[in-house]
Amino acid sequence: MLDKSLGNILLENTALTEAQLEEGLLVQREKGIRLGEALIQLRFLRSEDILKAISIQLGIPYLSSIKPEDIPSDAFSPVPINFAKKNELIPLAKYPDHVDVAIADPCNIPALDDLRLIYGTSVRPMIAGGSQITEAINIVYNRSTGADRTVMSDLQEENLDNISQALEEPVDLLDADDEAPIIRLVNSLMFRAVKQKASDIHVEPFEKELVVRFRIDGVLYDIMHPPKKVQNSVISRIKIMANLNIAEKRLPQDGRIRIKIAGKDIDIRVSTLPTSFGESVVMRLLDKSKVVLDLGAIGVQGKTHDQMMDLINRAHGIILVTGPTGSGKTMTLYAMLSQINTTDLKIITVEDPVEYQLPGINQIQVNAKIDLTFAGALRSILRQDPDVVMIGEIRDKETAEIAIQASLTGHLVISTLHTNDSASSATRLIDMGVEPFLVASSVIGIIAQRLVRTLCKECRERQIPSDFELMQLGLKREDVADKFIYKAKGCASCLDTGYSGRLGVHEILMMDDEVRALIMKNSDAATVKRKAMEKGMRTLREIAADKVLQGETTIEEILRVTQEDVVRE
């Protein structure tokens, strides 16, 4: 029997309040999840707080960190890597009478029983975070494949002229035992990119060197410089994995690689482009295990959340999500669709390409080679009796007009547009050739979005902002008197960047009669924005400033991401 409930332990040992606990219990009952998961989703507590409380409740030691370099091979070698990953556990040390094991869920009795059979002795569990355990598993089981330095030294020593290129694809890169240095280098790059949560891998040929860079949280970082002589072999290996024509080096090519890395399903979109010194390759990594389909988890909070829920629950009209490339528009569309994805609605999407599969939603990928365009697909799916239609992007007048006709005939249409802010979107549609009265009568809301990097909680430092910085954010000194403002520092857990992860900031222009009247007069974007702000719309910079006051990001990051919104009325 447990002496205390988890809720009481959390009240005594954390900053959790009674009201927050009640809200967490309500979410727990509604969603059928654990209390700890509910409190983390609500952002009342961190996962470490929950683990420490469970440690107190069960009387099991809590590990704040795991040092993979201290784990001997004889401790983990009897345990298959797939078993370790599936059960989120890793043996730490082997003694004559017991084995110490770090495990994310100490209530996973079947896994602990299996370990007792494997080692033939008792097992002493210790609680640790799932991400820490997964990282330790990847490091210790990957020792046999060698570090980057070993791979690079092999490349220097190996004769690369006769490397076979018809090679079988490994099931999991961590289980691969290929000896060919090129294969190990490419596998190592992909594994490292996933480990460091990179969204893209850039392989760029220059006159005297080959450069590999990762895009992490929207920023490019220089990773390694393999020798120039391996350039053709590395690029050919990637093209083979993506089923591209390795003999064609004069034209751009697009392909896809589907692999597993450390048990995670990774979808990689590959693009090659001929340059002066060889083919440049960019690989976009899509981790299907980390798809965030919850509006709250992507940063939609408070009034913004209420407005977005109001829009997606309308029966008809067009909702536009705008922003530059890489601002998270597609993920916002997916989160919106998941919010309304119920059995009483038929939802069809037209995308280029389909990035993630959503259960219960019919998804169509456009194919220009067979003339299956956005406009062509839209005409057909309207005969499929949909309630909600999602268009990956409105690119031309024809697509825009069909989308508008669909909204005027009783469909809810959600799509993206490339503009800098919400007010510019109506102007953009009119510039495409759509009549102003059609835009005014069909569009019900426009959401402008940016992604800001969130501070690493391990190393962030408090700072006192200058008057100039406050002025740029539109804040006064009294606004931050009782707030904690942080700056990025950098540590091992965030790869010395000072940031870990990203969060969305959203500016929502709700269409009303006055805004519609301005659009019908073909007013410029600045006039529309002024009117919307008079009616209560908060700009991207104002909403982003809230993230600074909440301690989630830095002033520098806000100024970088919202640089186009400096001038405010």
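Predicted model: local features only at pLDDT ≥ 70, side-chain atom pairs only at ≥ 80, totals over all residues.

Q: Why are α14 and α15 called roughly parallel to each other?
A: The axes of α14 (residues 374-381) and α15 (residues 397-408) cross at roughly 20 degrees and come within 8 Å. Axes are lines fitted to C-alpha atoms, for helices over the stretch in contact, and angles run from 0 to 180 degrees between N-to-C directions. Angles under 35 degrees count as roughly parallel, over 145 as roughly antiparallel, 65 to 115 as roughly perpendicular and the rest as oblique. The pair α14 and α15 is therefore roughly parallel.

Q: Which residues make the contact of α14 and α15?
A: Phe374, Ala375, Leu378 and Arg379 of α14 meet Glu398, Thr399, Ile402 and Ala403 of α15, where contact means heavy atoms within 4.5 Å. Five of these residues are nonpolar, one is polar and two are charged.

Q: What makes α19 roughly antiparallel to α20?
A: Helix α19 (residues 513-520) and helix α20 (residues 525-534) pack at about 175 degrees, with axes 10 Å apart. That angle makes α19 roughly antiparallel to α20. Glu514, Val515, Leu518 and Ile519 in α19 meet Thr527, Val528 and Lys531 in α20.

Q: What is the strand order of the open sheet, and how is it paired?
A: Six strands run in the order β6-β5-β4-β9-β8-β7, with antiparallel pairing. Two strands pair if DSSP finds at least two bridges between them. Strand β5 (residues 210-216) is joined to β6 by five bridges, and Ile216 has Val219 in β6 as its bridge partner.

Q: Why are β6 and β7 placed at the edges?
A: β6 (219-224) and β7 (253-261) each have a single partner strand, so one side of each lacks a neighbour in the sheet. From one strand to the next, the twist averages 25 degrees.

Q: Which helices pack on the sheet?
A: Helix α10 (residues 181-195) touches β4, β5, β6, β7, β8 and β9, and its direction makes about 75 degrees with that of β7. Helix α11 (residues 231-241) touches β4, β5, β7, β8 and β9, and its direction makes about 45 degrees with that of β9.

Definitions and conventions
Residues numbered from 1 in each chain as written. Heavy atoms only, no water. Helix = DSSP H or I, 4+ residues; strand = E, 2+ residues; numbered from the N terminus. Nonpolar A, V, L, I, M, F, W, Y, C, P; charged D, E, K, R; others polar.
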